[in-house]
Amino acid sequence: MYFRPSKPHNMNRIILLLAGVLLVITSCTRQSRESSKDPTDEPVDLVNPLMGTDSEFELSNGNTYPAIALPWGMNFWTPQTGEMGDGWAYTYDAYKIRGIKQTHQPSPWVNDYGAFSLMAVTGDVKIDEDSRASWFSHKAEEAKPNYYSVYLADYDTKVEVTPTERAAIFRFTFPKTDSAFILLDGFFEGSSVTIAPDKRTITGYARNNSGGVPDNFHNYFVARFDKPFEYQGSWSEGEYTPGKLNAESEHSGAVVGFDTEKGETVHVKVASSFISPEQARLNLERETGSKSFEQVRAEGRKTWNNELNRIKIHGGSLDEQRTFYSCLYRVLLFPRKFYEFNEQEEMVHYSPYNGEVKSGYMFTDNGFWDTFRAVFPFFTLMYPELNSNIMKGLVNTYKESGWLPEWASPGHRNVMIGSNSASIIADSYLKGIKGYDIETLYEAMVKNTKGHGPVESVGRYGAEYYNELGYVPYDVGINENAARTLEYAYADYTIMELAEELGKPEEEIAKFAERAQNYRNLFDPETNLMRGKNEDGTFQSPFNPFKWGDAFTEGNSWHYTWSVFHDVQGLADLMGGRQAFSEMLDSIFALPPKFDASYYGFPIHEIREMQIVNMGQYAHGNQPIQHMPYLYNYAGEPWKTQQWVREIMDRLYSPHPDGYCGDEDNGQTSAWYVFSSMGFYPVCPGQQNYALGSPLFDRIEVEMPEGNTLTINNVNNAPGNVYIQYVKLNGDHLEQNYIRHQTLQDGGELTFEMGPEPNKQRGADPESFPPSMSNEE
């Protein structure tokens, strides 16, 4: 281009034009740099608490609710779209909100306890939850782990909440009105409210529960407002009385009112206690005190960023980053802290087992049938101090109830099967976590093997048959008998390992070693599958391996046959060796998603979730089979693990409301993703090994408990490069298909080189296989 200097006005235009172009280029470069900025500086912004909320009874895409909480907090808060008492408290496709609920719900199937809610209305007082419910839109909703806000369209009011562990602060922003009201709904099954205008408080209790509580159970609450009340009233059993300051009935609630200018805010600080009203006030003062809403919000943000930043990811798509941190957030929610601190700063808890106030740790809201698989192994790897405290809580549970919990919410619940508490205790101690009374826990584990407790899910239902015959028979009226046998055998393996570590008598160790092989009693060589067996030793007949339930738990024989976590080599030998074993693994994905739902009378949601994802008989939406893709590592074909693990991550997870392929379940389905993203998975808790998979991100920096950093490098990472070419640990080739627990905690550099085609030489030698009981080192 040629410019003639004889026309200065044109030159000025050119200079301006060039300056504009330079500005655009600089701006674009800056935007590009910002868009690729390391997202882990503020990972809380990548978390979507709405992931998994597009769920219902018939089909679960997570069965989650937005838990607005701190990690392992005693209380969570959630917007309530469902009816009072509905386990589906928040569903993404709902369009009305009934209130913001304090919740302790671990699962819609287990439901809630001690719940109450706050709600804003303007105009007429509306106490009925249907009448007061307001339209809302996700376009005017913001959900983060430490903060939730929503615009209540019917009342032109914005509601915000930010939590602490045992308290929260609400901020209500009202329009100009002389009738701005805040309702506190104590819910059904017994509640009480007392309004104290001079103190600007509402106090009371909520007793609603779904079981697992002593007779004297109460959740005591206190709500303190920052403005004087210009109106107050209360209701009992749907009858509202203006001016009445208290109510105590099956269903009670309170109303306070204000004259507000447009944009005027009312702040409410709320706390609760399972111990006493006085303790609730102490919790309120200790955790909110003189703090502002924004101060508590910032503290919660910092807390979440600190925990999420323990694992810093680099690379991957934005959706993959959001999925990872949304899953990690779920892993860090349960089990719930069920302890408080009294005036002397002593740790105390209300016992959900005997109703007394006792000293020490207590945790609850966890189903070990789900979480023994990956959640608790994650804690043993990343949070040994927390794990030790949970063990102390298990000691207290045993002392207060006489049994270990298997599904606690808040006390023993008759949910699921197995005695999987053995696994998490053994895994903790065998991985070097101490500081608790292991002898008492070992005593409790052994007691579990002799019978069942106050409900069938505690201890071992069918133990008398199992201990005598080596299996729980199909024809003696004990449901899900084959699944029980397999889970008991695995638990016996972990007891054996712990008994050896504790120096127990040889005959005791040998007894549990023998029982750990009881899985063999259900193996049917004609089908190469596990099968129910009658008391007389004959196999259950007719046998349909596609039949859900019956001898199995929320699955069929194709799902449960692999529940030999501790002796994969032994299972492979039964099937005829590694090639036959691998072919059986292949069959899972090759078979059509056929099913027999006759045991239930209809296709349960877990069946539908398997059927619709087009992965054959693989049912990732339910936990028993989640470890199965990693078993190719034991058969000399680790590239198949790499292929399927990456496909599962890519297809079955996303950071959206339909982001799971079944129940999330207390962090377990999320923990699978977190581990798998890092490139390894704990197939057998109680052993020291993690089977290798296919790491997802370019680089991951993991802050280990002792201050060591594990850096996981993914060389040549790309969407199609899912296959490991080689692995190096601190510069040395790692030929094994597994990595040791202590190696990870020691930190260093773990480098994967990836490619588009499998390296079928690496990991094919039996010396590379992860150890099993049959060939354990």
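Predicted model: local features only at pLDDT ≥ 70, side-chain atom pairs only at ≥ 80, totals over all residues.

**Second cavity**

I began with what lines the second largest cavity: strand 24 (363-364), helix 8 (384-401) and strand 26 (407-408) each put at least two residues into the lining. I looked up the volume next, and the second largest cavity comes to about 120 Å³. It is lined by 17 residues, and F363, T364, F368, L394 and P405 are the closest to its centre. Sorting the lining of this second largest cavity by class, I got 11 nonpolar, 4 polar and 2 charged residues.

**Largest cavity**

How many cavities of 30 Å³ or more are there? I get 5. The largest cavity holds about 140 Å³ of space. I listed its lining and found 17 residues, with N63, T64, P106, R330 and E664 nearest the centre. By class, the lining of the largest cavity splits into 7 nonpolar, 6 polar and 4 charged.

**Largest pocket**

Then I turned from cavities to pockets. The largest pocket has a volume of about 420 Å³. I count 22 lining residues here, and those closest to the pocket centre are W109, E554, H605, E606 and D663. Which helix gives the most to the lining of the largest pocket? Helix 17 does, with 3 residues. Helix 6 (368-371) and helix 17 (605-612) each supply at least two residues of this lining. The class tally for the largest pocket is 10 nonpolar, 5 polar and 7 charged.

**Helix 9 on helix 12**

For the helix pair I wanted two numbers, since packed helices are described by the angle between their axes and the distance between the axes. Helix 9 (residues 421-430) packs on helix 12 (residues 481-502) at about 35 degrees, and the axes are 9 Å apart. I checked the handedness too: the crossing of helix 9 and helix 12 is left-handed. From helix 9 the contact uses A422, S423, I425, A426, Y429 and L430. Helix 12 answers with Y490, A491, T494, I495, E497, L498, E501 and L502. By class, the contact residues of helix 9 and helix 12 divide into 10 nonpolar, 2 polar and 2 charged.

I went looking for exceptions. I placed P335 in the loop between helix 5 (318-331) and strand 20 (336-337). Another cis bond joins S409 and P410, where omega is about -15 degrees. P410 sits in the loop between strand 26 and helix 9.

Is the phi of R200 positive or negative? It is positive, about 55 degrees, although R200 is not a glycine. I found R200 in the loop between strand 11 (191-196) and strand 12 (201-206).

**Whole chain**

Last, I zoomed out. I count 20 helices and 36 strands in the protein. Its radius of gyration is 28 Å, close to the 28 Å that the globule rule gives for 777 residues, so the protein is as compact as a globular protein of that length. The C-alpha trace spans about 95 × 80 × 50 Å along the principal axes.

Key. Residues numbered from 1 in each chain as written. Heavy atoms only, no water. 1 Å grid on protein atoms, 1.4 Å probe; cavity = no way out; pocket = protein on both sides within 12 Å on 5 of 7 lines; lining within 4 Å. Points joined across faces, edges and corners; volume = space filled by probe spheres on them. Nonpolar A, V, L, I, M, F, W, Y, C, P; charged D, E, K, R; others polar. Helix = DSSP H or I, 4+ residues; strand = E, 2+ residues; numbered from the N terminus. Axes fitted to C-alpha atoms, helices over the stretch in contact; angles between N-to-C directions. Left-handed = near helix turned anticlockwise from the far one by under 90°. Contact = heavy atoms within 4.5 Å. Rg over C-alpha atoms; globule rule 2.2 N^0.38 Å.
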